[in-house]
Amino acid sequence: MKRYMSLDIGDRTIGIAVSDLLGLTAQGVETIHRKSLEEDLKRLGELMKEYETHSLVPGLPKNMDGTEGERCAIVKDFMASVKERYPEVEVKFWDERLSTVAATRSLLEADVSRRKRKKVIDKMAAVFILQGYLDSLR
């Protein structure tokens, strides 16, 4: 059995979700509030240890036409730092073009207040990224 962890990497936060041990469902676990690269990597390492995973699925925010822009370069740079710090990590980038839109829509449908949405949107986007990846494996 293999557990996956997805990352929704932003400038201020990193949304984190993990799969169940069967690799069927994704659950949001945390939003890391970014301080420094060193602290971000340390917290990510703690979460990988806690959830016993070495398989990361970072969302790749491609442009709507499928091309990669500046945001993709930022995500890839961050993941290069992750690989440097944790060489055993397996990285599977996942096209996350609509994950934040889907997360926002589901929170709106659940009638979650704007203030609460801001607190959980990154974690929810990570859930959508990971669920999309898990579904693609089947």
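The radius of gyration used here is taken over C-alpha atoms, and the globule rule is 2.2 Å times the number of residues to the power 0.38. For 138 residues that rule puts a compact globule near 14 Å, and the protein agrees, at 14 Å. This is a predicted model, so to speak of local features takes pLDDT of at least 70, side-chain atom pairs count only at pLDDT 80 or more, and totals for chains, interfaces and linings use all residues. Residues are numbered from 1 along each chain as its sequence is written, and side-chain values use heavy atoms, with hydrogens and water left out.

The protein has four helices and six strands (DSSP runs: H or I of at least four residues for helices, E of at least two for strands, numbered from the N terminus). From the N terminus on, the order is β-β-β-α-β-α-β-β-α-α. The C-alpha atoms fill a box of roughly 40 × 35 × 30 Å along the principal axes. Of the 138 residues, 42% are buried, that is, under 20% relative accessible area with a 1.4 Å probe, protein chains only. Among contacts (heavy atoms within 4.5 Å) between residues at least 6 apart in sequence, 60% join residues at least 24 apart.

A polar atom of the S19 side chain lies 2.9 Å from the backbone nitrogen of Y4. Leaving aside neighbours within four places in sequence, S19 touches K2, R3, Y4, T25, A26, Q27, L130 and L134.

Key:
Polar contact = N/O pair within 3.5 Å; in protein donor to acceptor, adjacent residues only side chain to side chain. Buried < 20%, exposed > 50% of the residue type's maximum accessible area, 1.4 Å probe, protein only.
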